[in-house]
Amino acid sequence: MTTILAGTICNPLIRRGIDLCRLYRRAASAVNEPGLRAVLEEDAQTLAAVIADVQHEVEQAGGEPRTRGSWRAALRWRLFETMAHAGTRRDSTWIRELAQDEAALLRAFERAIAGLPEAFAKGLRRQLPRLRGIHLDMHDLASHARS
């Protein structure tokens with residue numbers, strides 16, 4: 001993977017992943033249900049591993065991987081925490097937000113893979129099973145939160 005591809009394709013994915021991982025960790029500390037807390041922490045660890053692997057791919061390509069998320073995400077989470085805290089169904093609110101962001105990250109990975117030559121897409125493609133596992137967790141949790 002060339003340095004240009006690493007910067008334009010992988011670094012935005014890394015940034016989004018870091019943002020989402022932080023959101024998972026915040027949600028895990030904010031939800032009331034202990035089982036949900038455990039699932040969210042496990043998904044945060046899985047996502048952190050995905051991020052670390054993509055960062056490693058960027059380094060191997062001679063690029064400089066992102067190590068921080070966005071400042072906008074931090075502001076957005078503070079606003080969201082305030083709204084979730086004020087709500088009566090706090091756990092459901094967190095689940096809905098995580099499910100939306102997680103689905104967006106998975107779609108971003110899939111779009112990046114589809115737009116890359118096979119040799120470059122291989123590293124990102126290895127992350128899909130882990131991202132899809134998180135997606136299944138969130139889909140299941142979101143369907144239970146709606147009922």
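**Figure 1. Packing of helices α4 and α5 in the predicted model.** Helices α4 and α5 pack at an angle of about 160°, with their axes 8 Å apart, where axes are lines fitted to C-alpha atoms, for helices over the stretch in contact, and angles run from 0 to 180 degrees between N-to-C directions. The two helices are therefore roughly antiparallel to each other, given that angles under 35 degrees count as roughly parallel, over 145 as roughly antiparallel, 65 to 115 as roughly perpendicular and the rest as oblique. Helix α4 passes α5 in a left-handed crossing, a term used if the near helix is turned anticlockwise from the far one by less than a right angle, with clockwise giving a right-handed one. On the α4 side the contact (heavy atoms within 4.5 Å) is made by F109, A112 and I113, and on the α5 side by A121, L124 and R125. These residues divide into five nonpolar, no polar and one charged, with Ala, Val, Leu, Ile, Met, Phe, Trp, Tyr, Cys and Pro counted as nonpolar, Asp, Glu, Lys and Arg as charged, and the others, Gly among them, as polar. The model is predicted, so that local features need pLDDT of at least 70 and side-chain atom pairs count only at pLDDT 80 or more, whereas totals for chains, interfaces and linings use all residues. Residues are numbered from 1 along each chain as its sequence is written, and side-chain values use heavy atoms, with hydrogens and water left out.

Figure 2. The protein has six helices and zero strands, both being DSSP runs numbered from the N terminus (helices H or I, at least four residues; strands E, at least two). Beyond residues up to four places away in sequence, M138 touches Y24, L40, D43, I95, L98, A99 and E102.

Figure 3. V54 is buried, with a relative accessible area of 3%, where buried means under 20%, exposed over 50% and partly exposed in between (1.4 Å probe, protein chains only). Leaving aside neighbours within four places in sequence, V54 is in contact with C10, I14, F109, L124 and Q127. V54 and L124 are 70 residues apart in sequence, with their C-alpha atoms 7.0 Å apart in space.

**Figure 4. Two aspartates, D19 in helix α1 and D137 in helix α6.** At 9% relative accessibility D19 counts as buried, and, not counting residues up to four places away in sequence, D19 touches G69, S70, A73 and W77. At 28% relative accessibility D137 counts as partly exposed. Apart from neighbours within four places in sequence, D137 is in contact with V39 and D43, while the C-alpha atoms of D137 and A99, 38 residues apart along the chain, are separated by 9.0 Å.
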